Each structure stands twice: as structure tokens, then as C-alpha cells.
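Have the structure open while you read.

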Amino acid sequence: MSLPLRLEAPSPLEYFAALVSEDEHFALLEAAVSLGQDADPELDAQSVIDEIDALGDRLKRRLPADASAMHRLRTLNRYFFRELGFAGNVNDYYDAGNSYLHRVLASRRGIPISLALIYIELAAHAGLVARGVSFPGHFLVKLRLPHGEAVMDPFNGRSLSREELEERLEPLRRKQGLVGEFEVPLGLFLQSASPRDVIARMLRNLKSIHQQADDFPSLLAVQQRLVCLLPQAWDERRDRGLTFAELGQPDAAAEDLSAYLAHEPDAADAEPMRRMLAELRDSPRPLLH
């Protein structure tokens with residue numbers, strides 16, 4: 001007996017899950033664009049990708065085939081920052097829209113990681129190899145050039161020297177005791193970020209914004225994606241459980257907290273989580289009609 005065809009479109013979360021299911025075929029740009037569907041459910045991700053490709057094609061047509069790497073880089077930076085007008089959103093840095101690529105494309109304003117993703121795509125059209133760097137506190141871009149690598153701040157287009165990068169790291173090193181004999185080399189902080197790490201950082205930015213605003217429905221949508229993206233990150237399961245509890249969904253909350261405690265029984269917060277789990281299981285359930 002043949003099974004009936006499923007004609008309905010996948011939900012935004014199902015679509016996202018398909019994009020991030022395998023590291024080998026991880027669709028970074030499409031996954032990043034799809035985050036905007038939580039804010040705009042009717043968003044057509046492919047149309048956003050097509051818009052970025054069109055910008056890249058326009059840039060590519062300006063470059064002669066024998067253009068040097070430095071000429072390509074200068075042309076890219078002039079095109080991205082001056083002509084297209086992309087820049088950091090200094091007036092409303094913590095607006096969630098800065099993390100949605102379709103809104104960044106429309107406003108030409110974003111945060112470092114969203115600007116970096118668009119810049120990296122245009123760099124590929126320009127014949128350059130660019131990668132994202134999950135630098136502490138501020139996402140960066142590094143470009144492979146004939147005589148080494150350049151590190152650039154996508155928020156303002158500035159090229160960063162080794163001394164400036166070391167200076168940016170200093171507060172973190174002191175805070176975590178990574179000084180003296182324990183000092184971690186700068187190069188370890190400049191490794192290319194994996195696509196999964198990039199999306200996780202974008203989602204955690206949104207998570208922080210929604211937590212600060214006590215916007216629990218929006219927070220849950222982000223946490224659903226984080227659990228899908230990082231199924232072994234048990235702290236994300238715990239956090240989603242706490243949001244389920246805030247939204248009055250004790251069964252879902254209990255399931256997440258149970259999973260967290262099963263995998264992290266010795267966590268620092270295990271005891272309060274066990275108490276909360278007991279309260280959730282004892283909470284009255286609504287009558288069925």
C-alpha cells in the first residue's frame with residue numbers, strides 16, 4: 001500500500017533542521033537566512049540568497065580576470081562599505097533585526113556576525129577566500145592573501161594589526177587567568193569558525209536579546225533551533241526547559257530538565273534543577289473536556 005504524499009510545506013524548524021543536520025553538507029548561508037523566519041514566517045529564504053548572489057555578480061563583473069588579490073580586496077571593501085553602505089548598527093546594536101540577514105540587507109545595518117556573512121559571500125564572488133572568526137566579544141573576518149592573512153572588522157571595515165588583536169584579547173586573558181605561563185597564543189583565537197559554530201553564535205546572540213526582554217515566546221523559538229543545532233549541549237536543553245516552565249508547559253519543561261540531569265548529574269545547578277523538576281511533576285494538570 002502506498003503512503004499518502006505530504007503536500008504541506010515544512011515548518012521553519014523542520015526546514016532549519018534539514019539545513020544543519022550534517023556537517024559535511026551544512027548550508028551556512030541558507031541556515032543563517034532561515035533564522036529570520038521566526039520574525040517573518042512568510043520569508044522566502046531563496047529570494048534572500050538570490051539577492052546576495054546578485055550583489056556578488058555585480059561586483060564580479062567589475063573585476064578583470066587578472067586582477068591581483070589586493071585589487072580585488074580594495075574593490076570589495078569599497079563596494080561593500082562605501083557603495084552599498086553596509087555598516088554596524090551603532091544606534092540600535094541590540095535590536096534582534098540585526099541578526100536577520102534579510103533585514104540587514106534592507107537596512108544595510110547589522111552586527112559583526114551578520115555583516116560578516118554577507119561580506120564573506122561577496123568575497124567569494126570577488127575571487128577571494130574569506131572565513132569567519134569567532135573572536136571573543138566581536139566576530140571578525142580573515143582573508144587569505146598571497147603574502148599571509150589579513151584580519152578585518154566587518155563592523156567598520158578596519159584591518160586589524162597583531163598588536164590591536166592582542167590588545168582586544170587582554171581583558172579576556174586577565175579575566176580567565178590566561179597570562180604568563182598560561183597565556184594562549186593569539187593564533188588559537190583566530191581559527192576559522194565552523195558553520196555550526198557560526199549559527200550557534202547567531203542564535204545565542206538572539207537568545208540573550210530575548211532573555212533581556214523577557215520575550216519568552218521568541219526565546220523559545222530560538223531555543224528550539226539551538227537544541228536542534230546542538231543536540232548534545234545539555235545546558236541548552238536545561239534553558240529550554242526553564243522557558244517551557246515560564247510559558248506554562250510543565251510536561252515539556254520536565255522532559256528537558258530530566259534530560260539535562262540525566263546527562264549532567266553533577267552540574268553545579270543540579271540540586272535546584274532537581275527541586276524544580278519535582279515541582280513540575282507535582283503541578284496540577286488542566287482538566288480535559
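**Notes on the predicted model**

1. Salt bridges overall. Searching the whole structure turns up 15 salt bridges. Bear in mind that this is a predicted model. A few of these pairs deserve a look one by one.

2. Arg196 and Asp23. Their side chains meet in a salt bridge, 2.8 Å from N to O. Arg196 belongs to helix α8 (residues 195-212) and Asp23 to the loop between α1 (12-19) and α2 (28-34), so the pair ties together parts that are 173 residues apart in sequence.

3. Arg225 and Asp38. Here the side chains meet at 2.7 Å, N to O, again as a salt bridge. Since Arg225 is in helix α9 (residues 216-229) and Asp38 is in the loop between α2 and α3, this pair ties together parts that are 187 residues apart in sequence. Arg225 is buried, with 1% relative accessibility, while Asp38 is partly exposed at 34%. Check the ring beside it too: Arg225 lies over the face of Phe16, at 4.9 Å from the ring centre.

4. Asp256 and Arg240. The closest N and O atoms of this salt bridge are 2.7 Å apart. It links helix α11 (residues 250-263), which holds Asp256, to helix α10 (residues 234-246), which holds Arg240; the two residues are 16 apart. Both Asp256 and Arg240 are buried.

5. Helix α4. After the helix comes Gly85, with a positive phi near 80°.

6. Aromatic pairs. The structure holds six of them. In one, the ring centres of Phe80 and Tyr119 are 5.2 Å apart with planes at 90°, so the pair is edge-to-face. Phe80 is in helix α4 and Tyr119 in helix α6, so parts 39 residues apart in sequence are tied together. Phe80 is buried at 0% relative accessibility, and Tyr119 is buried with a relative accessible area of 0%. Tyr93 and Phe155 make an edge-to-face pair too, 5.7 Å centre to centre with 65° between the planes. Phe80, Phe81, Phe86 and Tyr119 form one aromatic cluster.

7. The sheet. Four strands make an open sheet in the order β3-β4-β5-β6, with antiparallel pairing. At the edges are β3 (129-133) and β6 (159-160), each pairing on one side only. Strand β5 (residues 148-152) pairs with β6 in the antiparallel sense over two bridges, and Val151 stands opposite Leu160 in β6.

How values were computed
Residues numbered from 1 in each chain as written. Predicted model: local features only at pLDDT ≥ 70, side-chain atom pairs only at ≥ 80, totals over all residues. Heavy atoms only, no water. Pairing = 2+ DSSP bridges. Salt bridge = Lys/Arg side-chain N within 4 Å of Asp/Glu carboxyl O. Buried < 20%, exposed > 50% of the residue type's maximum accessible area, 1.4 Å probe, protein only. Phe/Tyr/Trp six-rings, centres within 6.5 Å; stacked < 30°, edge-to-face > 60°. Lys NZ or Arg CZ within 6 Å of the ring centre and 35° of its normal.
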